[in-house]
Amino acid sequence: MTNKGEDSFLRDAWYMAAWSDEIGEALFRRQLLGEPVLLYRKQDGSVAALIDRCPHRFAPLSLGSREDDNVRCPYHGLTFNPEGRCVHNPFSENIPGAARVPAFPVVERDGIVWFWSGEPARADEALIPDFSMIHVNGHPPITGVMPMAANYEYGTDNLLDLSHIEFVHRGSFAGHGVIFAGKHSVIADGNRLHSNWWMPNVLAPSHTFGIYERDMVTDHWLDMRWDAPASMYLEIGACPAGVPRETGVIVHQAHILTPEAEGSTHYFWATSRSGPPSEQGDTIIYGMMSQAFGEEDKPIIEAAYANLYGRDFWDMKPLSLGVDSGGARARRIIEKLKRSESTPSPA
């Protein structure tokens, strides 16, 4: 791993590696935090995560083969167990002490495969954000993964400042100016942030169509929860004006960003439905999400990131509009957490 003093990523944190249904018995490779990672499901159903690089001549283990829960390197046949320890050397009964592959602690929860990037002894499962709400009435959400040619923090900026909806999402979610009628707040809860919009007395938003009449006056909200490094839960809700929120039509979404490398990101997204699953309805929703993220968010985020030509975000002295404070505060929290990692513990 990279030395912490030189590392651009927060290490003592849980990152999303994949949706659960992406990982099976087959050897699956994905670049995460600048490293190739091998993921596969063991015979007991749990997931193993190893650096996808044999320590001998650096061949990808994902090109090799499985032997029960072990993986055989395709180059010279060294075999490694799910903990990364070499258990077979075809050329000798002696196994070199350096024949090890770094392995990650893995937890599977809410249909998400999480991995801990820091020291395994510090992996605290209590720090994994809760996304159980994206499973409504026992139904799994609609999910996707989008590659993004930008640093993950630029994706966080976008998600914690939903004022961009009226300009970026004209073909999908734009709400005829309702965002301008709303009130925005950013609330800190320790290292967690809540970036919330409240828009009372507006026409029914698009996620309620088919349930509410389009000319119904509603109270509409967008509540975003952020946990470091970049795990975000969005509650999209609306209810008849003046009625308690819990009686309304609520959609739950996950927006989880994992760095592929310094300048590229895996954008994992999920959304629940306003009603029961259906093949036709799910296809429509998937298409809407893909358009919003892939055709609307992705191009502007990538263009903004590229337009800095490698310069530091803060060195460019970004203008503040107030409604964008969530992204700036998230960046400061990440910086604080990274400093605490680089500070030696007392003897």
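**View A. Pairing of strands β5 and β6 in the predicted model.** Strand β6 spans residues 70-72 and joins β5 in the antiparallel sense over three bridges. Two strands are said to pair if DSSP finds at least two bridges between them. Helices (H or I, at least four residues) and strands (E, at least two) are DSSP runs, numbered from the N terminus. The partner of S65 in one of these bridges is R72 of β6. Strands of a sheet pair through backbone hydrogen bonds, in either a parallel or an antiparallel manner.

**View B. The open sheet containing β5 and β6.** The sheet is made of four strands, in the order β5-β6-β7-β8, with antiparallel pairing. Because β5 (65-67) and β8 (86-88) stand at the edges with a single partner strand each, one side of each has no neighbour in the sheet.

**View C. Salt bridges of D227.** A salt bridge is counted when a side-chain nitrogen of Lys or Arg lies within 4 Å of a carboxyl oxygen of Asp or Glu. The side chain of D227 forms one with R192, at 2.9 Å from N to O. Since D227 belongs to strand β14 (residues 217-227) and R192 to strand β13 (residues 192-203), the pair ties together parts that are 35 residues apart in sequence. D227 also meets R225 in a salt bridge, with an N to O distance of 3.3 Å. Buried denotes under 20% relative accessible area, exposed over 50%, and partly exposed the range in between (1.4 Å probe, protein chains only). D227 is buried at 12% relative accessibility, and R225 is buried at 9%, whereas R192 is partly exposed at 25%.

View D. The side chains of K298 and E302 meet at 2.9 Å, N to O, in a salt bridge. Both residues lie in helix α3 (residues 279-306), four residues apart, which is about one turn of the helix. E302 is buried, with a relative accessible area of 18%.

**View E. A network of salt bridges.** E153, D157 and R331 are linked in a network of salt bridges. The count of salt bridges comes to 17.

**Notes to all views.** Residues are numbered from 1 along each chain as its sequence is written, and side-chain values use heavy atoms, leaving out hydrogens and water. In this predicted model, local features need pLDDT of at least 70 and side-chain atom pairs count only at pLDDT 80 or more, while totals for chains, interfaces and linings use all residues.
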